[in-house]
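Me: I would like to learn how to read the pockets in a model. Could you take me through them?

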Amino acid sequence: MFSLIARRGWISFPAILLVGLLTGCDTVVMNPSGDIANQQGHLIVVSTLLMLLIIVPVIALTFWFAWRYRKNNTKARYEPDWDHSTQLELIIWGAPLLIIIALGLLTWISTHTLDPYRPLSRLDAHRPIPADVKPLTVEVVALDWKWLFIYPEQGIATVNEVAAPVDVPIHFKITSSTVMNSFYIPALAGQIYAMAGMQTSLNAVINKPGEFEGFSANYSGAGFSGMRFKFHGMTQENFDNWVQTTKASGGALNRADYLQLEKPSEKEPVRRYGTVDADLYHAILNRCVESGQVCMDKQMMTDVNVKSDVKMDHQHAQDE
């Protein structure tokens with residue numbers, strides 16, 4: 001039947017090709033494994049349906065009017081001087097206004113509920129976070145062109161690989177060594193920008209075990225296309241084993257090693273570090289990894305104190 005329709009020209013070859021390509025699409029964004037991404041996907045669906053309440057009738061009425069008032073339909077009423085209808089005006093303006101109000105309320109609520117900086121309040125729609133669960137902290141550094149993940153509590157680090165236990169809140173602290181990138185794991189949550197000298201945050205949770213893809217969603221240079229990593233959702237037991245394996249088989253990551261790792265490179269394999277400098281992420285964030293550099297936070301504190309002293313001296317001079 002489909003081939004018959006195609007042969008008759010009712011469906012063009014590009015349309016057939018598009019349908020064929022779409023059958024192989026990975027719909028992870030609309031069928032994620034993390035609660036935050038699931039809520040974001042639900043928001044997309046609800047917003048689309050609300051907008052379709054206007055779009056579909058308008059499209060249908062366009063075809064209906066074209067058919068109803070075609071040239072050879074002599075039964076249609078011809079009113080060239082008609083220019084106003086209060087009922088039509090109410091429908092034309094009232095319905096979109098109600099949709100805009102609904103979308104505005106939905107956006108306002110979702111913006112606060114899905115704020116990436118906001119600590120999680122639930123594991124999923126049916127389970128709150130248990131009182132005894134401690135979030136897993138992962139420090140993320142976007143490099144040229146690879147990702148560095150530091151686990152400060154476990155004392156390990158990895159390149160282009162990150163893992164987390166299922167149903168445990170994850171707190172990502174995100175920064176960049178050079179240009180801006182975008183940290184994105186579609187199955188887990190929305191994308192968050194990584195910027196040098198700044199820290200952004202993402203709170204999320206993975207609800208199903210599995211291997212998921214992560215990447216940079218912001219172009220950052222020649223090696224951007226290979227800036228991908230694997231995110232592993234594991235049981236708590238498997239995650240603990242993964243940490244122990246990394247500790248046993250990984251090398252050491254100190255400041256000197258990081259400066260070598262920071263140099264631009266493409267399509268880096270997975271690396272694991274069994275030990276990591278405890279202050280490395282702080283030094284990366286504050287741009288003071290190299291010896292002799294003054295950390296940004298200390299410099300800013302010095303500037304604040306100097307300005308405060310100058311202000312006090314000026315005030316004393318005025319008082320005298």
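Reply: What follows covers the pockets. This is a predicted model, where local features need pLDDT of at least 70, side-chain atom pairs count only at pLDDT 80 or more, and totals for chains, interfaces and linings use all residues. Residues are numbered from 1 along each chain as its sequence is written, and side-chain values use heavy atoms, without hydrogens and water.

Me: What is the volume of the largest pocket, and which residues lie nearest its centre?

Reply: A pocket is an open set of points on a 1 Å grid over the protein atoms alone, where a 1.4 Å probe fits, with protein on both sides within 12 Å along at least five of seven lines; lining residues have an atom within 4 Å of a point. A volume is the space filled by probe spheres set on the points, joined across faces, edges and corners. Here the largest pocket has about 600 Å³. Leu61, Trp64, Phe65, Leu88 and Ile92 lie nearest its centre, among 17 lining residues.

Me: Where does the second largest pocket lie?

Reply: Domain bounds come from an automatic or database domain assignment. Domain 1 (25-70 + 87-114) and domain 2 (122-293) both give residues to its lining, so the second largest pocket lies between them. Its space is about 240 Å³, and its lining divides into seven nonpolar, seven polar and four charged residues.

Key:
Ala, Val, Leu, Ile, Met, Phe, Trp, Tyr, Cys and Pro count as nonpolar, Asp, Glu, Lys and Arg as charged, and the others, Gly among them, as polar.
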